[in-house]
Amino acid sequence: FATGEKDAVVFQAMEGAALMIFADVSSSMTYYPDNLEYSKGFIRDVVVSLLVSSAHQMMSPVGLVLFSDKVERVFPPQSGEYALHILNQFLSEEPRTEGAATALSCIKNDAIGFQESMICIVSDFQDENINKSWLAGLTGTELDLIPIIIRDPLEKISFPKGAQLFCDNPETGEKLPLYISRRDFALMREEADRHYEKVCELFCALRAEPVILDTADIND
């Protein structure tokens, strides 16, 4: 600018394509307050926080749907400071969904209703009926879809001598000991691998390459 000239830069929130985040809050999204590094729920929280913060920085509309075997809460997409309101509500008032399974069928109407948006589904996809769900009937052009698969961090750990676990009975509060041998744990991991192979095949058929996470490390 010439000497003495002034200019102003005006930032305006965009009203174009929104980012819709579908976050799984079912009971399989484990959360261990004393061992966050092993918590699927904590990885989900980090992912949602990064996505919402990115949308806020880009001044893009962002919305959030919390689901388990039903839709728990819906924040319609808006732009501006609303994004921080969504994040604060999500991190402070997460619904209690003990005993609730993951059922992707419950988000069909909301996902299709926001099909003009970029859609991120953050879940462990522990839905036995996923290959029979509405997702299996889509074509690769119907949704701008990014699946974010959260796998259990404990799957990376080796138990050469097996493991003694203590399971809480939610009705009585009693802790029940359970021994898992090295072979049992290997079989569990193989079964998990087979399930996620099917999940990835489904999304690849939709041209939606999944992001797979098993760590809460932000750099990773």
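Predicted model: local features only at pLDDT ≥ 70, side-chain atom pairs only at ≥ 80, totals over all residues.
The chain holds 220 residues, and buried residues make up 41% of them. Its secondary structure comes to four helices and eight strands. Read from the N terminus, the elements follow the order β-α-β-β-α-α-β-β-β-β-α-β. The C-alpha trace spans about 75 × 40 × 35 Å along its principal axes.

Nonpolar side chains were considered next. In soluble globular proteins, such side chains tend to be buried together. The largest nonpolar core in the model has 27 residues. Within this core, I21, L51, V62 and L64 touch the most other members. Several elements each supply at least two residues of this core: the strands β1 (19-24), β2 (62-67), β4 (118-123) and β5 (144-150), and the helices α1 (40-57) and α2 (82-92). Helix α1 gives the most, with seven residues. L51 has contacts beyond its neighbours within four places in sequence. These partners are L19, I21, C120, V122 and I148. Another core, of 25 residues, lies apart from the largest one. Its members include M20, W134, I149 and C200.

The packing of α1 and α2 was then described. Two packed helices are described by the angle between their axes and the distance between the axes. The axes of α1 and α2 come within 9 Å. They cross at roughly 170 degrees. Helix α1 is therefore roughly antiparallel to α2, as an angle over 145 degrees counts as such. On the α1 side, the contact is formed by R44, D45, V48, S49, V52, S53 and H56. On the α2 side, A83, L84, L87, F90 and L91 take part. By class, the contact has seven nonpolar, three polar and two charged residues.

Cysteines were searched for disulfides across the whole structure, and zero were found. The case of C204 shows the reasoning. Its closest cysteine sulfur is that of C200, at 6.2 Å. C167 is partly exposed, with a relative accessible area of 33%.

Backbone angles single out two residues. Most residues other than glycine have a negative phi. F125 has a positive value, near 55 degrees. This residue lies in the loop between β4 and β5. Its relative accessibility is 0%, so F125 counts as buried. R207 also has a positive phi, of about 60 degrees, although it is not a glycine. R207 is found in the loop between α4 (182-205) and β8 (211-213). At 71% relative accessibility, R207 counts as exposed. Thus F125 is buried, whereas R207 is exposed.

The loop between α4 and β8 also holds L206. L206 is buried, with a relative accessible area of 6%. L206 and A101 are 105 residues apart in sequence. Their C-alpha atoms are 24 Å apart in space.

Two further residues illustrate pairs separated in sequence. I180 is found in strand β7 (residues 175-180). At 13% relative accessibility, I180 counts as buried, because the cut-off is under 20%. Leaving aside its neighbours within four places in sequence, I180 is in contact with G162, A163, L165, F185 and M188. I180 and K161 are 19 residues apart in sequence. Between their C-alpha atoms the distance is 9.1 Å. D193 is found in helix α4. With a relative accessibility of 36%, D193 counts as partly exposed. D193 and E155 are 38 residues apart in sequence. From C-alpha to C-alpha, they are 9.9 Å apart in space.

Key
Residues numbered from 1 in each chain as written. Heavy atoms only, no water. Core = buried A, V, L, I, M, F, W, Y, C linked by side-chain atoms within 4.5 Å. Buried < 20%, exposed > 50% of the residue type's maximum accessible area, 1.4 Å probe, protein only. Contact = heavy atoms within 4.5 Å. Axes fitted to C-alpha atoms, helices over the stretch in contact; angles between N-to-C directions. Parallel < 35°, antiparallel > 145°, perpendicular 65-115°, else oblique. Nonpolar A, V, L, I, M, F, W, Y, C, P; charged D, E, K, R; others polar. Disulfide = S-S within 2.5 Å.
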